[in-house]
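These notes are meant for a colleague who is opening the model for the first time. Please read them with the structure on screen.

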Amino acid sequence: MDNDQYRAVLEAAQRHARVWLGSVAEQPIRPEQDADGILSMLDRDLPDDGLDAVAVVDELAAVSAPGLMAMGSPRFYGFVIGGTYPAALGADWLVSAWDQNTGSRQPTPATAAVEETAARWILDLLGLPRESGVGFVTGGTSANLTCLLAARDAVIRASGHDPVRGLQHAPVIRFLAGEAVHTSMVLAGRMAGLGAPQTVGADDQGRIDVDGLARALAQGEGQAIVALQAGDVHSGAFDDFAAAVTVAHDAGAWVHVDGAFGLWAAATPRLAHLVRGLAEADSWATDAHKTLNVPYDCGVAIVRDDAAMTAALGAHAAYLPAVEEIPDPYDRVPELSRRARGVPVWAALRSLGRRGVIGLVEGLADAAAGLADGFRRIPGLEVLNDVVFTQVCLAAPDDAATAALGQWLRAEGTVWASSSRWQGRTVVRFAVSNRGTDAEAVRRTVDAVARGARALGITHDAG
Ligand SMILES: *Cc1c(COP(=O)(O)O)cnc(C)c1O
């Protein structure tokens, strides 16, 4: 077919990829150009004539270079962004080359089996029920949505209605979450037709108020879905699952856990105290593109009652091959057609092994603790949260100085951290989720923050 073209274009892509990967750790983290700047180089009508594949890839690389953020840098702490393990990247390239539509097991046995293996490993690593259904989706938001769809239909069925007839023909479903609920969970609730959650209080770290949850559940009527959280984006805090799940189950509620990055704490005995009771919930959402460091996009939806998951998400048509009794990949996700995005998960886990996963998760938490220690030694700066996992919120004495520090850091380029508001204050927020954030990266980060604090007069030099 186009063998010469494929070879040439893959070589070109590899050349550009190696330039990028070889410089990502040391180049300034911020992009040089904004989106409008890149657009001015791209923005023209579709040419009448096409272009050779290698020239296309070369042009793409050249035009994009000044607009790429070094998100894979070990000193990138914005949002919650993982890096990429080499094995996962290699597997991801193969997934594209194989181009298997991993919807059903029969036509794509290899990728389906690799994904099923990855799913089993995840359940085992996180200590979740081995009978759970697992779907590979695009991210945490779609994982939250997928789990809520399973929950919603199960709850409708439990109230004696047929979920196929939809929400209009079912009793009102109550959807509850703590005040610190992630915006993704709110969006998922709206997409699932449940609306934004009714929020109950949370403590100063963002952990749901379990007594408040009990009161809210006792006051309302009808079936309920409760969303808990493993890993608050500002504090890293985990809800008290043992207590909250008990309270919710006593009220007959379905309990979902948004653990986009925090679910992985369950992989290490050292952090087991954070996730006590987690496995008693009914569904869990997590990302592989955050803590596990596989390329975008990859999330994981996990539902204890696999039958509830496949009943809500299963697809059937005469032309779709299916083996009765064995659910297909498309029976556990919203899509029919999709890439084999569970394959890079398998590759990351295979390259790490159990010990490697533990080392990864503990390494991220150690780096966050190291950042907090270093920041606390910088006169004028304060760490606002209890650093229990991977998140650190830093503040200067006043909001304007904190905002200036965030801007200074992002412009200087050694470190990239987001500015945010938390507990009524402006913060510079550090989320450690890159596998490369080691002691050296921590040291350079603390140095950069100290320089910024001096430059802005937050730290007053004694001499
Ligand atoms: C990132 C995140 C999400 C959303 O995940 P996406 O992969 O960005 O869709 C949901 N909840 C929490 C706590 C997160 O950190």
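1. Two strands pair if DSSP finds at least two bridges between them, and strands (E, at least two residues) and helices (H or I, at least four) are DSSP runs, numbered from the N terminus. On that basis Ser-419 stands opposite Val-428 in β11, and β10 and β11, which run antiparallel, are joined by five bridges.

2. This is a predicted model, in which local features need pLDDT of at least 70, side-chain atom pairs count only at pLDDT 80 or more, and totals for chains, interfaces and linings use all residues. Residues are numbered from 1 along each chain as its sequence is written, and side-chain values use heavy atoms, with hydrogens and water left out.

3. The open sheet has four strands in the order β8-β9-β11-β10, with antiparallel pairing. Because β8 (382–383) and β10 (418–422) stand at the edges with a single partner strand each, one side of each is left without a neighbour in the sheet.

4. The search of the whole structure finds seven aromatic pairs (ring centres of Phe, Tyr and Trp, the last by its six-membered ring, within 6.5 Å; planes under 30 degrees apart are stacked, over 60 edge-to-face, the rest tilted). One of them, Phe-375 with Phe-430, is tilted, at 4.8 Å centre to centre and 50° between the planes. This pair links helix α11 (residues 343–376) to strand β11 (residues 425–431), the two residues being 55 apart.

5. Is Phe-430 buried or exposed? Phe-430 has a relative accessible area of 0% and is therefore buried (under 20%; exposed is over 50%, partly exposed in between, with a 1.4 Å probe and protein chains only). Phe-375 likewise counts as buried, at 0% relative accessibility.
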